[in-house]
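Subject: A structure for you to explore

Hi there,

Here is the structure I promised to pass on. Have a look at it first, and then read my notes below with the model open beside you.

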Amino acid sequence: MMYHEELESLAKFNPEMEFYVFNGWPQWAHGFGEGDTEPRIENYRARALRTNRIVTRKIAGIDRRHPDKVHVLPTNEAMLAALELYFQGKLPGVRGLNRKVDGKTPSIWSDGGHLGRGMEWLEGYVFYATLYRKSPELIKERPPEKVLPAKLDAVFRRIAWQAVINNPLSDVTDKDGDGIGDAPKDAEPR
(Lines give C-alpha, C1' and ligand atoms only; values in the text may rest on other atoms or scores of the structure.)
Protein backbone atom coordinates (compact mmCIF):
# COMPACT_ATOMS: atom_id res chain seq x y z
CA MET A 1 0.00 0.00 0.00
CA MET A 2 1.22 3.45 -0.89
CA TYR A 3 2.60 5.31 2.08
CA HIS A 4 0.22 7.73 3.75
CA GLU A 5 2.53 10.73 3.10
CA GLU A 6 2.90 9.91 -0.61
CA LEU A 7 -0.84 9.69 -1.08
CA GLU A 8 -1.33 12.97 0.80
CA SER A 9 1.26 14.66 -1.39
CA LEU A 10 -0.24 13.35 -4.62
CA ALA A 11 -3.74 14.41 -3.54
CA LYS A 12 -2.49 17.87 -2.62
CA PHE A 13 -0.66 18.52 -5.88
CA ASN A 14 -3.13 16.70 -8.15
CA PRO A 15 -6.53 17.72 -6.78
CA GLU A 16 -8.45 16.19 -9.70
CA MET A 17 -6.70 12.83 -9.41
CA GLU A 18 -8.46 9.84 -7.87
CA PHE A 19 -6.62 6.98 -6.21
CA TYR A 20 -7.49 3.30 -6.00
CA VAL A 21 -5.92 1.15 -3.30
CA PHE A 22 -6.57 -2.57 -3.11
CA ASN A 23 -6.74 -3.99 0.37
CA GLY A 24 -5.02 -7.27 -0.41
CA TRP A 25 -6.34 -10.74 0.12
CA PRO A 26 -5.66 -13.47 2.63
CA GLN A 27 -2.73 -15.77 1.94
CA TRP A 28 -2.86 -19.53 2.36
CA ALA A 29 -0.79 -19.42 5.57
CA HIS A 30 -3.30 -17.05 7.19
CA GLY A 31 -5.63 -20.01 7.55
CA PHE A 32 -3.49 -21.54 10.28
CA GLY A 33 -3.85 -20.65 13.92
CA GLU A 34 -1.64 -21.93 16.72
CA GLY A 35 -1.65 -25.72 16.70
CA ASP A 36 -3.72 -26.05 13.51
CA THR A 37 -2.66 -28.73 11.05
CA GLU A 38 -5.15 -27.62 8.39
CA PRO A 39 -6.30 -24.14 7.33
CA ARG A 40 -9.56 -23.03 8.99
CA ILE A 41 -12.07 -20.46 7.84
CA GLU A 42 -12.10 -18.84 11.30
CA ASN A 43 -8.44 -17.90 10.85
CA TYR A 44 -9.09 -16.39 7.42
CA ARG A 45 -11.98 -14.38 8.86
CA ALA A 46 -9.79 -13.05 11.68
CA ARG A 47 -7.02 -12.06 9.28
CA ALA A 48 -9.45 -10.37 6.88
CA LEU A 49 -10.95 -8.41 9.78
CA ARG A 50 -7.49 -7.22 10.91
CA THR A 51 -6.58 -6.19 7.36
CA ASN A 52 -9.87 -4.37 6.96
CA ARG A 53 -9.35 -2.45 10.21
CA ILE A 54 -5.85 -1.34 9.23
CA VAL A 55 -6.82 -0.23 5.72
CA THR A 56 -10.00 1.45 6.93
CA ARG A 57 -8.13 3.44 9.55
CA LYS A 58 -5.48 4.62 7.08
CA ILE A 59 -7.80 5.39 4.17
CA ALA A 60 -10.56 6.96 6.28
CA GLY A 61 -8.12 9.55 7.57
CA ILE A 62 -7.05 10.51 4.06
CA ASP A 63 -10.64 10.38 2.84
CA ARG A 64 -11.69 12.95 5.43
CA ARG A 65 -9.10 15.40 4.07
CA HIS A 66 -9.68 14.51 0.41
CA PRO A 67 -13.31 13.33 0.13
CA ASP A 68 -14.13 10.96 -2.70
CA LYS A 69 -10.53 10.89 -3.97
CA VAL A 70 -9.31 7.61 -2.47
CA HIS A 71 -11.26 4.43 -3.18
CA VAL A 72 -10.66 0.94 -1.84
CA LEU A 73 -10.72 -2.02 -4.22
CA PRO A 74 -12.10 -4.59 -1.73
CA THR A 75 -10.25 -7.71 -2.84
CA ASN A 76 -9.92 -8.70 0.82
CA GLU A 77 -13.68 -9.02 1.22
CA ALA A 78 -14.12 -10.74 -2.15
CA MET A 79 -11.49 -13.37 -1.38
CA LEU A 80 -12.98 -13.98 2.05
CA ALA A 81 -16.40 -14.50 0.44
CA ALA A 82 -14.85 -17.02 -1.98
CA LEU A 83 -13.13 -18.78 0.93
CA GLU A 84 -16.42 -18.92 2.86
CA LEU A 85 -18.05 -20.65 -0.12
CA TYR A 86 -15.09 -22.98 -0.55
CA PHE A 87 -15.26 -24.14 3.07
CA GLN A 88 -19.01 -24.70 2.67
CA GLY A 89 -18.37 -26.78 -0.47
CA LYS A 90 -20.22 -24.21 -2.60
CA LEU A 91 -17.47 -22.72 -4.78
CA PRO A 92 -18.23 -24.45 -8.10
CA GLY A 93 -15.37 -26.48 -9.49
CA VAL A 94 -12.68 -25.27 -7.07
CA ARG A 95 -11.08 -28.43 -5.67
CA GLY A 96 -8.34 -27.19 -3.36
CA LEU A 97 -6.85 -24.35 -1.37
CA ASN A 98 -3.18 -24.54 -2.37
CA ARG A 99 -2.21 -26.43 -5.54
CA LYS A 100 1.41 -26.70 -4.46
CA VAL A 101 0.47 -28.34 -1.14
CA ASP A 102 -2.59 -30.44 -1.94
CA GLY A 103 -1.98 -31.01 -5.66
CA LYS A 104 -5.56 -30.14 -6.56
CA THR A 105 -6.53 -27.86 -9.40
CA PRO A 106 -8.21 -25.51 -9.72
CA SER A 107 -7.26 -24.13 -6.34
CA ILE A 108 -7.63 -20.80 -4.56
CA TRP A 109 -3.85 -20.35 -4.53
CA SER A 110 -1.24 -21.80 -6.87
CA ASP A 111 1.21 -21.63 -3.97
CA GLY A 112 1.27 -19.82 -0.64
CA GLY A 113 0.26 -16.41 -1.96
CA HIS A 114 -0.31 -16.30 -5.71
CA LEU A 115 -3.85 -16.80 -6.91
CA GLY A 116 -4.73 -20.07 -8.58
CA ARG A 117 -5.86 -20.39 -12.18
CA GLY A 118 -9.15 -18.57 -12.70
CA MET A 119 -9.02 -16.69 -9.39
CA GLU A 120 -7.61 -13.62 -11.14
CA TRP A 121 -11.07 -13.14 -12.63
CA LEU A 122 -12.47 -12.47 -9.16
CA GLU A 123 -9.83 -9.81 -8.59
CA GLY A 124 -10.48 -8.33 -12.03
CA TYR A 125 -14.21 -8.16 -11.38
CA VAL A 126 -13.59 -6.28 -8.12
CA PHE A 127 -11.43 -3.77 -9.99
CA TYR A 128 -14.05 -3.45 -12.76
CA ALA A 129 -16.91 -2.94 -10.30
CA THR A 130 -15.05 -0.25 -8.37
CA LEU A 131 -13.62 1.62 -11.35
CA TYR A 132 -16.72 1.53 -13.57
CA ARG A 133 -19.30 1.52 -10.78
CA LYS A 134 -21.16 -1.35 -12.47
CA SER A 135 -21.83 -4.91 -11.51
CA PRO A 136 -19.72 -7.38 -13.48
CA GLU A 137 -22.97 -9.35 -13.74
CA LEU A 138 -23.97 -6.85 -16.46
CA ILE A 139 -21.01 -7.73 -18.69
CA LYS A 140 -22.41 -9.66 -21.65
CA GLU A 141 -19.18 -11.39 -22.68
CA ARG A 142 -18.06 -14.46 -20.79
CA PRO A 143 -14.58 -15.94 -20.49
CA PRO A 144 -14.08 -19.24 -22.32
CA GLU A 145 -15.48 -22.20 -20.35
CA LYS A 146 -12.06 -23.89 -20.12
CA VAL A 147 -10.57 -20.69 -18.64
CA LEU A 148 -13.37 -20.02 -16.15
CA PRO A 149 -16.43 -22.27 -15.97
CA ALA A 150 -19.74 -20.40 -16.28
CA LYS A 151 -20.99 -21.37 -12.80
CA LEU A 152 -17.81 -20.12 -11.13
CA ASP A 153 -17.82 -17.00 -13.30
CA ALA A 154 -21.35 -16.15 -12.13
CA VAL A 155 -20.34 -16.60 -8.49
CA PHE A 156 -17.25 -14.40 -8.92
CA ARG A 157 -19.29 -11.63 -10.56
CA ARG A 158 -21.82 -11.65 -7.70
CA ILE A 159 -19.12 -11.80 -5.00
CA ALA A 160 -17.21 -8.90 -6.56
CA TRP A 161 -20.25 -6.62 -6.76
CA GLN A 162 -21.31 -7.40 -3.20
CA ALA A 163 -17.78 -6.77 -1.90
CA VAL A 164 -17.66 -3.41 -3.67
CA ILE A 165 -21.08 -2.07 -2.71
CA ASN A 166 -20.72 -3.26 0.89
CA ASN A 167 -17.37 -1.54 1.48
CA PRO A 168 -18.04 2.14 2.24
CA LEU A 169 -14.49 3.09 1.23
CA SER A 170 -15.07 1.89 -2.34
CA ASP A 171 -17.47 4.86 -2.65
CA VAL A 172 -19.80 2.70 -4.74
CA THR A 173 -23.40 2.15 -3.68
CA ASP A 174 -26.37 0.57 -5.47
CA LYS A 175 -29.43 1.62 -3.50
CA ASP A 176 -31.92 0.62 -6.20
CA GLY A 177 -30.23 -2.75 -6.84
CA ASP A 178 -29.97 -2.29 -10.61
CA GLY A 179 -26.28 -3.20 -10.76
CA ILE A 180 -25.27 0.34 -11.66
CA GLY A 181 -23.58 2.40 -8.99
CA ASP A 182 -25.43 5.41 -7.67
CA ALA A 183 -24.04 8.79 -8.68
CA PRO A 184 -21.32 9.96 -6.29
CA LYS A 185 -22.18 12.85 -4.02
CA ASP A 186 -22.00 16.17 -5.89
CA ALA A 187 -20.44 14.59 -8.96
CA GLU A 188 -21.36 13.35 -12.37
CA PRO A 189 -21.46 9.59 -12.84
CA ARG A 190 -18.25 8.05 -14.22
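This is a predicted model, so please keep that in mind as you read. The place to begin is the inside: the largest nonpolar core has 35 residues. If you want to find its middle, look for L91, I108, W109 and L122, which have the most contacts inside it.

Where does this core come from? Helix 2 (41-65), helix 3 (75-87), strand 4 (107-109), helix 5 (119-132) and helix 6 (150-165) each supply at least two of its residues. Helix 6 gives the most, with 9 residues. Another core lies apart from this one; it has 10 residues, and L7, F19, I59 and V72 are among them. As general background, nonpolar side chains in soluble globular proteins tend to be buried together.

Next, the charged side chains. How many salt bridges are there? The count comes to 5, and I picked out a few for you to look up.

Start with D153, which has a salt bridge to R142, with 3.3 Å between the closest N and O atoms. D153 sits in helix 6 while R142 is in the loop between helix 5 and helix 6, so this pair ties together parts that are 11 residues apart in sequence. D153 also meets R157 in a salt bridge, at 2.8 Å from N to O. Here both partners belong to helix 6, 4 residues apart, which is about one turn of the helix.

Is D153 buried or exposed? D153 is buried, with a relative accessible area of 1%. R157 counts as buried too, at 1% relative accessibility. For both residues, the cut-off to remember is that buried means under 20% relative accessible area.

Now turn to R40 and E42. They form a salt bridge in which the closest N and O atoms are 3.2 Å apart. R40 is partly exposed, with a relative accessible area of 38%, and E42 counts as partly exposed as well, at 39%. Through salt bridges that share partners, D36, R40 and E42 are joined into one network.

Write back whenever you like with questions!

Best wishes

Conventions. Residues are numbered from 1 along each chain as its sequence is written. This is a predicted model: local features need pLDDT of at least 70, side-chain atom pairs count only at pLDDT 80 or more; totals for chains, interfaces and linings use all residues. Side-chain values use heavy atoms; hydrogens and water are left out. A nonpolar core is a set of buried Ala, Val, Leu, Ile, Met, Phe, Trp, Tyr and Cys residues joined through side-chain atoms within 4.5 Å. Buried means under 20% relative accessible area, exposed over 50%, partly exposed in between (1.4 Å probe, protein chains only). A salt bridge is a side-chain nitrogen of Lys or Arg within 4 Å of a carboxyl oxygen of Asp or Glu.
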